[in-house]
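Please read the following points with the sequence and the structure side by side. Each point treats one topic and may be checked in turn.

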Amino acid sequence: AAMAEDIKTKLERYKTAPFDSRFPNQNQTKNCWQNYLDFHRCEKAMAAKGADATPCQWYYRVYKSLCPTSWVS
């Protein structure tokens, strides 16, 4: 159980982007791009429904943490 405990603690401390099984390798460019697209798709969908776009901020935070700074500034 110590191992699972350890992983749980690590996950709780891990504030940057979560592991995405679609992008298992170290190159996060595709992951960055996917979250960027998801963010804008989400915002568009929410706007179309007249809904609050706050949930879309998740994608925004993820891509901001994954993408090279030069891309998102």
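This is a predicted model: local features need pLDDT of at least 70, side-chain atom pairs count only at pLDDT 80 or more; totals for chains, interfaces and linings use all residues.

1. The buried residues of helix H2 are Asn31, Cys32, Asn35, Asp38, Phe39, Cys42 and Met46. They lie on the same side of H2, because they cover an arc of only 125° around the axis. The arc is taken from the directions that run from the helix axis to the C-beta atoms. Here buried means under 20% relative accessible area, exposed means over 50%, and partly exposed is in between (1.4 Å probe, protein chains only). As a general rule, an α-helix has 3.6 residues a turn, so residues three or four places apart point the same way.

2. Residues are numbered from 1 along each chain as its sequence is written, and side-chain values use heavy atoms, with hydrogens and water left out.

3. Which exposed residues does the face of H2 turned away from its buried side carry? That face carries Lys30, Arg41, Lys44, Ala47 and Ala48. Two further residues of the helix are partly exposed: Tyr36, in H2, has a relative accessible area of 31%, and Ala45, also in H2, has one of 38%.

4. The length of H2 can be checked. The helix comprises 21 residues (29–49), which should span 30 Å at 1.5 Å a residue, and its end C-alpha atoms are 30 Å apart, so the two values agree. The expected span is 1.5 Å times one less than the number of residues. After H2 comes Gly50, with a positive phi near 70°.

5. The protein chain as a whole has four helices and zero strands, and its pattern along the sequence is α-α-α-α. Helices (H or I, at least four residues) and strands (E, at least two) are DSSP runs, numbered from the N terminus. The chain has 73 residues, of which 19% count as buried.

6. How many disulfides does a search of the whole structure find? The search finds two, where a disulfide is a pair of cysteine sulfur atoms within 2.5 Å. In general, a disulfide is a covalent bond between the sulfur atoms of two cysteines. With the bonded cysteines numbered in sequence order, the pairing is 1-4, 2-3.

7. Cys42 lies in helix H2 and Cys56 in the loop between H2 and H3, so the pair ties together parts that are 14 residues apart in sequence. The link of Cys42 and Cys56 is left-handed, with -80° about the S-S bond. Cys42 and Cys56 are both buried.

8. Which residues make up the largest nonpolar core? Its seven residues are Cys32, Phe39, Cys42, Met46, Cys56, Tyr63 and Cys67. H2 gives the most to this core, with four residues. A nonpolar core is a set of buried Ala, Val, Leu, Ile, Met, Phe, Trp, Tyr and Cys residues joined through side-chain atoms within 4.5 Å.

9. Some residue pairs show how separate parts of the chain are placed. Tyr60 lies in helix H3 and is partly exposed, with a relative accessible area of 29%. The C-alpha atoms of Tyr60 and Asn35 are separated by 7.1 Å, although these residues are 25 apart along the chain. For Tyr36 and Cys67, 31 residues apart along the chain, the C-alpha separation is 8.9 Å. Ala45 and Cys56, 11 residues apart in sequence, are 9.9 Å apart from C-alpha to C-alpha.
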